[in-house]
Amino acid sequence: MEKKEYTLSLLVNNKPDVLARVAGVLGGRGYNIETLCVDATLDPRYSKIVLTTIQDKSTINKIEKQLIKLHDVHKVTDITDTGAVSRELLLVRMKLTEKNKADIALIINSFNGRVVTMNGDHCVIEITGEKEFLERAIESLKPLGIEDSARTGIVALERY
Amino acid sequence: MKLKGAQILIQALKQEGVKVIFGYPGGAVIDIYDELYRENIKHVLVRHEQGAVHAADGYARVTGQVGCVLVTSGPGAANTVTGIATAYMDSIPLVVLTGQVPTALIGTDAFQEVDIVGITRPCTKHNFLVKRIEDLGKTIHEAFHIARSGRPGPVLVDLPKDVMQATGDYEPVSFPDHAPKSSPVPSQIFYIKDLIAQSRRPVLLTGGGVILGRASEELRRLARRTMIPVTSTLMGIGAFPGSDSLWLGMPGMHGTYYANMAISHCDLLIAVGCRFDDRVTGKVDHFAPEAKIVHIDIDPSSINKNVIADVPIVGDCKAILKAINDLLEKDNFTVKEEERTEWLRQIDTWKTENPLSYCQSDEVIKPQFVIQKLYELTRGKAIITTEVGQNQMWAAQFYLFDEPNTFVTSGGLGTMGYGFPAAIGVQIAFPDRLVVDIAGDGSIQMNIQEMATAIQEMLPIKIVILNNGYLGMVRQWQQLFYEKRYSQTDMTYQPDFVKLAEAYGFMGLRATKPEEVEPVLKKGLSHPGPVLMDFRVAREECVYPMVRPGAPIHEMTLGSREMTN
Ligand SMILES: Cc1ncc(C[n+]2csc(CCOP(=O)(O)OP(=O)(O)O)c2C)c(N)n1
């Protein structure tokens, strides 16, 4: 069966060990988690976990069934292809030179990014968007000398 | 009223109806043991913590109640892991209470600290670390609730020493069955009825879920009304009477010829409370190739996991079987003789062509013969536990079980050393029943120390060792698939089991010739105390039929006609 990246959204108890249990369901079966985002919901007793993993349809169904069996997991939703809004945050640190400054500014502009901080000849840039959007941003910045970068992984929310 | 943590724990256990705890003390649980000293809950002192878990598991399997274990932190907790994994694989409800170092020391590599919650995360249904006395009572009740609800399983509760010493309040809490037993969907029930009516070659395949779900009666009703032959996985043995003519025996790797043939040729397979383990299905693509598959199970994750079901039904198997039976009854459904004769006749042909058999010998004791004699002499009324290996398969093949909860074996994990401590739990539950552990000489040595427990508790358990001086099942694979390179499976070096038994206070008996089998069994079984019987059996006997790993189940090596010695 064809594999692709699936996005699962989980409502879980906001307690120690819950993330380890969730990760264990995938890790224990040899499945990789591509991205992971966790934070408390408006009700602090619960957290929302959004994770992505590359699987075929039948495997993702099995993973969902195993996840919902966990006592601390209240809800598992596969929000892949549901039109859910999905965003990721990218931070990039660049070394500024007389030569690249102008180009960096242009790229930041075209990706709706902004400079978060500037320290002497270093700057950290933030860009949000969908996964592919960020990948394009990285490709554009690469030739100008990326020192380091970090990404949050995908957060996603159903439209209704 | 303020109570100490240890007192709250005991009150909560009593509230849950715990009548016996299997355990082993240590520093981290000394406060709990101090409370037990004053209380009237029975405690069985094992000789190894693994034994405690297996004993509680055996107790749970035959009573249907949650088994309860209490052990200390660190090594005590770590020693429970194999037992917990065994119970997890077979969906047995347990609550395992482990001591833990004081909360302030957790994570510091304190003396006798292990992260038992971390270690057992993948082999428990759920587990808890109780960090505050306020959470204690509720957590214990929740643990019992989780262990017994839905698809049952083991739950571990880690109890730091300071929480046991702290004082707090206790309010009994009860957890409603939050997943209310969904009632069967009428359209599905009608559909199954139609399938049964249309089918010419139906088979019922049942598993441990029928026993755990106490659905044995409904299964019998259904099979008899519809004249559908029944096969059952190792875990489901006993749910349908082994002496019934519709009984096919166990399918799969060491299943009967006729069960495997029936599955391979049926046009309707109604699977109830089983999970299609690879030992049952053989090569999955060739499993029941001509059949519509109905799969009834309480655990949604079992469905479509290994075998794709045409009719998946999630729910309590007793309720669903009852709904089918009630509908059939209401409609006055009967199978016309001629609709079944052809199929049943075909099955009879398979049965007579290749019955379970072995080659009897005048010189050496055949292990199968010991089991057959045991069956005859006990008239099938014993509760049998088994170890793992050939002994387990021969027990499943040659002892016929007529009632559920009378065959106690480690199916999913296949844990050597399970049977004897499990027999302790069984005998504690039913002091007046005849309890026999069918063992191999390898397996019995894995928890043989529990003989001391049996003596202390005055349990009249009978151990039957099929002693081939080999790790027989592994040797069998080496014989069949590794050109008889018996790498590390020869166990000729073994204790004198008779003397060892006597040293513990058991009666020890031995049989070395076929004609001694019956007298030894008679003497051993009629003795009022515990007995170990050492049967020196044919060393290189193999379990047949055998489906090679990865082969379809209709391709069996029968072997039974050839002399293997
Ligand atoms: C704890 C454990 N270790 C290893 C195995 C692998 N194993 C499966 S059957 C078997 C041989 C069992 O030998 P024995 O108890 O003498 O029984 P027999 O097969 O000879 O009846 C072994 C080693 C196991 N199932 N459990």
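1. Across the interface of chain B and chain A, 9 residue pairs are in polar contact, both residues being at pLDDT 80 or more (a pair of N or O atoms within 3.5 Å; within protein, one must be able to donate a hydrogen and the other to accept it, and residues adjacent in sequence count only if both atoms are side-chain atoms). On the side of chain B that touches chain A, β6 (126–129) and α7 (133–148) each supply at least two residues.

2. This is a predicted model, in which local features need pLDDT of at least 70 and side-chain atom pairs count only at pLDDT 80 or more, while totals for chains, interfaces and linings use all residues. Residues are numbered from 1 along each chain as its sequence is written, chains are lettered from A and ligands numbered from 1 in the order in which they are written, and side-chain values use heavy atoms, with hydrogens and water left out.

3. The rule also finds 2 salt bridges across this interface (a side-chain nitrogen of Lys or Arg within 4 Å of a carboxyl oxygen of Asp or Glu); in a salt bridge between Lys69(A) and Asp299(B), the N to O distance is 2.7 Å.

4. Turning to the ligand, one of its oxygen atoms lies 2.6 Å from an N or O atom in the side chain of Ser443(B), whereas an oxygen atom is 3.1 Å from a polar backbone atom of Tyr470(B), and a nitrogen atom is 3.3 Å from a polar backbone atom of Met416(B).

Conventions: Helix = DSSP H or I, 4+ residues; strand = E, 2+ residues; numbered from the N terminus.
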